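Here is a walk through one protein model. Keep the sequence and the 3D view open as you read.

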Amino acid sequence: MAAELTALRREIHAEPELGRRLPRTQRRVLDALDGLPLEIGTGSALSSVTAVLRGARPGPTVLLRADMDALPLTEATGLPYASRVPGVMHACGHDLHVAMLVGAAGLLAARRTEFAGSVVFMFQPDEEGTDGGGASAMLAEGLLDASGGTPVAAYALHVSANRLPFGVFSVRPGTAAAASDGLRVTVHGRGGHGSAPHRAADPIPAVCEMVTALQTFVTRRFDIRDPVVVTVGLIRGGTKRNIIPDEAGFEATVRTFSTEARERMREGVRTLLTGIAAAHGLTVEVDYHDGYPALVNDPAEAALAARAVVDLFGPERCLEPAHPTPGAEDMAFVLERVPGTCLMLGACPPQNDYVTAPQNHSSQAVFDDAVLPDGAALLAQLALRRLGVRDEPVSPA
């Protein structure tokens with residue numbers, strides 16, 4: 001399958017799409033699945049594809065997921081199959097995820113007489129949250145009822161351009177990725193001349209104080225063993241150096257790893273910023289909006305996945321990271337409702353140094369197609385094992 005999976009991945013890479021509406025990508029997925037014994041449905045609110053494979057007999061359902069969307073980024077890799085769409089790039093490897101799940105569908109279709117139950121293949125738009133996140137939309141449209149029975153387990157695989165050596169899988173039981181929430185703050189003052197700030201109500205010093213106070217709030221109110229990360233990525237306010245504006249503001253991302261810390265941040269930030277504004281004689285609007293919850297891998301499913309990696313590829317290809325990643329993952333919504341796990345797979349070309357290579361979301365991120373067969377094989381194996389089919393262990397080459 002390697003050649004056809006590579007061709008599919010490169011076609012998708014060259015024509016990336018953003019958000020929930022991915023008509024070209026959806027069409028390629030449907031064409032790639034054509035001819036397989038699948039029950040296929042497409043989404044209404046988004047260009048999703050849900051495909052169901054029935055085994056030889058009734059039984060439980062397992063869900064396998066791939067995300068499909070790209071990022072608003074101009075590609076700078078120089079690859080012969082680089083993006084032909086200005087300002088859009090598959091810089092997070094979702095094109096590889098699609099190809100691997102298509103491969104898994106083919107492998108499992110060839111063995112469907114061996115298992116009892118069903119496999120649901122979830123091809124998801126908008127993991128990057130351009131339009132609010134695609135997993136929630138697919139869940140709302142009945143994803144978990146696609147086979148007629150709620151899945152007993154769900155699995156996903158995400159490639160990394162730089163965090164792991166080529167071909168190495170990582171799986172961590174428990175919290176594996178952070179919750180990601182957004183903070184938008186607008187401070188309302190009263191504009192005036194820069195030479196007479198006492199006759200105005202300047203919102204800019206208050207905004208500056210808020211930005212630094214958030215960092216102090218994190219370090220003084222939260223246990224370092226339950227980390228919180230706040231990064232202010234945007235500050236706005238003013239039009240000219242001698243004009244005090246009527247308003248100013250900022251936007252931040254907030255990362256937490258536990259429900260308790262997430263709830264305390266949500267409430268504490270509002271209290272903190274309202275107090276600072278009041279101290280300056282100003283008012284403030286605090287829009288704290290929930291993004292993705294923390295991704296929590298079920299310990300039993302993580303252990304099953306780790307055993308499968310070791311059996312298929314050898315112990316040197318499997319590791320357990322000591323800490324969760326502060327990145328976020330839309331698969332968290334599925335894992336809130338279905339026990340399962342999300343694994344990482346190193347896809348940095350082996351001739352490059354993965355430690356210094358451009359990371360996911362970089363305009364220079366490069367992923368090696370040679371991981372596609374292994375990713376497809378592992379996804380298929382996870383479904384087979386969860387449905388009671390276990391191959392004999394494979395000796396490392």
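Predicted model: local features only at pLDDT ≥ 70, side-chain atom pairs only at ≥ 80, totals over all residues.

A hairpin of 6 residues joins S1 to S2. S1 and strand S2 (residues 49-54) run antiparallel and are joined by 5 bridges. You can find this pairing at Thr42, which stands opposite Val49 in S2. Now step across to S4. S2 and S4 also pair in the antiparallel sense, over 6 bridges. Here Thr50 has Met122 in S4 as its bridge partner. S2 is mostly covered, with 5 of its 6 residues buried.

Next, look at how H9 meets helix H3. Two packed helices are described by the angle between their axes and the distance between the axes. For H3 and H9 the angle is about 50°, and the axes are 8 Å apart. That angle makes H3 oblique to H9. The crossing is right-handed. On the H3 side, the contact is made by Leu96, Ala99, Met100, Leu101, Gly103, Ala104, Leu107 and Leu108. On the H9 side, the residues are Leu372, Gly375, Ala376, Ala377, Leu379, Ala380, Ala383 and Leu384.

In soluble globular proteins, nonpolar side chains tend to be buried together. Which residues touch the most other members of the largest nonpolar core? They are Leu33, Leu64, Leu108, Val119, Phe121, Phe123 and Leu378, out of 61 residues in that core. Helix H3 (residues 94-109) gives the largest share, 10 residues. Leu108 is then in contact with Leu53, Leu64, Phe115, Val119, Phe121, Ala380, Ala383 and Leu384. Among these, Ala380, Ala383 and Leu384 are also H9 residues in the H3 contact.

A second, separate core has 29 residues. Phe222, Phe250, Ile276 and Tyr288 are among them.

Now move to the other sheet. How many strands does the open sheet with the order S10-S12-S8-S13 have? It has 4 strands, with antiparallel pairing. Strand S10 (228-237) and strand S13 (283-292) stand at the edges. One side of each is left without a neighbour in the sheet, because each has a single partner strand. The twist averages 15° from one strand to the next.

Strand S8 pairs on both sides. S8 (residues 179-188) runs antiparallel to S13, and 8 bridges join them. Thr186 has Glu285 in S13 as its bridge partner. Val187 stands opposite Val284, also in S13. Turn to S12, and 10 bridges join S8 to this strand, again antiparallel. In this pairing, Ala179 stands opposite Thr256. Is S8 enclosed or left open? Of its 10 residues, 8 are buried, so S8 is largely enclosed by the rest of the structure.

H6 lies across S8, S10, S12 and S13, running at about 165° to S13.

H5 and H6 also pack on each other. Helix H5 (residues 203-221) and helix H6 (residues 259-279) meet at an angle of about 140°, with their axes 10 Å apart. The two are therefore oblique to each other. Their crossing is right-handed. From H5, the residues in contact include Ala206, Met210, Leu214 and Phe217. Their counterparts in H6 include Met265, Val269, Leu272 and Ile276. Ile276 also belongs to the second core.

Methods
Residues numbered from 1 in each chain as written. Heavy atoms only, no water. Core = buried A, V, L, I, M, F, W, Y, C linked by side-chain atoms within 4.5 Å. Buried < 20%, exposed > 50% of the residue type's maximum accessible area, 1.4 Å probe, protein only. Contact = heavy atoms within 4.5 Å. Pairing = 2+ DSSP bridges. Axes fitted to C-alpha atoms, helices over the stretch in contact; angles between N-to-C directions. Parallel < 35°, antiparallel > 145°, perpendicular 65-115°, else oblique. Left-handed = near helix turned anticlockwise from the far one by under 90°. Lists of a residue's contacts leave out its neighbours within four places in sequence.
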